[in-house]
Amino acid sequence: MDICLICGNEIDNDKSFCPFCGSKQAGSEPRSKAKTFLHRTINLEQGMPFVESALRQLQVAIREARNGEIQALTVIHGYGSSGKGGAIRRECRKTLDYMCSHGQLSSYVSGEDFHKNNGVVKDLLNRYPQLRLNKNLNRRNQGITVIII
């Protein structure tokens, strides 16, 4: 068995494509150096910041994640004290939509959709099996968002 250089899953020696993430495998290169899965959590609601400050913090965290080769970020933005959805949550997701549509991010999954029955999440779990250990998986937590860098 070899290890995929992209997602770290074990694959058969004779496979030219990883069955988990679909990446092409180099035939002559040794695959023992698996890319390590890195995940970080950032709490945007800590200190009760204004929306603008929280969005700046989000963009800094994404930039640092890219530079640090982090594959996933869990963003804690809260759901709002009124129970109707907070301003930070709403504006974060607008920002993430914009970044995804302009190729600046791979994707994101809202906390309420971060469950193993969701097709997009199933694909993510196949690509990054370490996400199965995420404590927010299957909790339908509306106060978080998982970003795939």
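## Gln57 and its contacts

Gln57 touches Ile42, Asn43 and Leu44, leaving aside residues up to four places away in sequence. Take Leu44: 13 residues separate Gln57 from Leu44 in sequence, and their C-alpha atoms lie 7.0 Å apart. Gln57 belongs to helix 1, which spans residues 51–67.

The model is predicted. In it, Gln57 has a relative accessible area of 32%. That value falls between the 20% and 50% cut-offs, so Gln57 counts as partly exposed.

## Confidence

The average pLDDT of the chain is 86. A score of at least 70 is reached by 85% of the residues.

## Overall architecture

The chain holds three helices and six strands. Read from the N terminus, the order is β-β-β-α-β-α-β-α-β.

The chain has 149 residues, and 38% of them count as buried. Its accessible surface is about 8,800 Å². Carbon and sulfur atoms account for 47% of that surface. Consider contacts between residues at least 6 apart in sequence: 60% of these join residues at least 24 apart.

## Helix 1 against helix 2

Helix 1 also meets helix 2, which covers residues 87–101. Their axes come within 10 Å and cross at roughly 40°. The two helices are therefore oblique to each other. The crossing is right-handed.

Helix 1 contributes Val51, Ala54, Leu55, Leu58, Gln59, Ile62 and Arg66 to the contact. From helix 2 come Ala87, Ile88, Glu91, Cys92, Thr95, Leu96 and Met99.

Most residues other than glycine have a negative phi. Asn138 has a positive phi of about 70°, although it is not a glycine. Arg140 is not a glycine either, and its phi is positive at about 50°.

Asn138 sits in the loop between helix 3 (119–127) and strand 6 (144–148). Arg140 lies in the loop between helix 3 and strand 6 too. Asn138 is partly exposed, with a relative accessible area of 38%. Arg140 is also partly exposed, at 46% relative accessibility.

Definitions and conventions
Residues numbered from 1 in each chain as written. Predicted model: local features only at pLDDT ≥ 70, side-chain atom pairs only at ≥ 80, totals over all residues. Heavy atoms only, no water. pLDDT = per-residue confidence, 0-100. Helix = DSSP H or I, 4+ residues; strand = E, 2+ residues; numbered from the N terminus. Buried < 20%, exposed > 50% of the residue type's maximum accessible area, 1.4 Å probe, protein only. Contact = heavy atoms within 4.5 Å. Areas by Shrake-Rupley, 256 points an atom, 1.4 Å probe, with all protein chains shown as cover. Axes fitted to C-alpha atoms, helices over the stretch in contact; angles between N-to-C directions. Parallel < 35°, antiparallel > 145°, perpendicular 65-115°, else oblique. Left-handed = near helix turned anticlockwise from the far one by under 90°.
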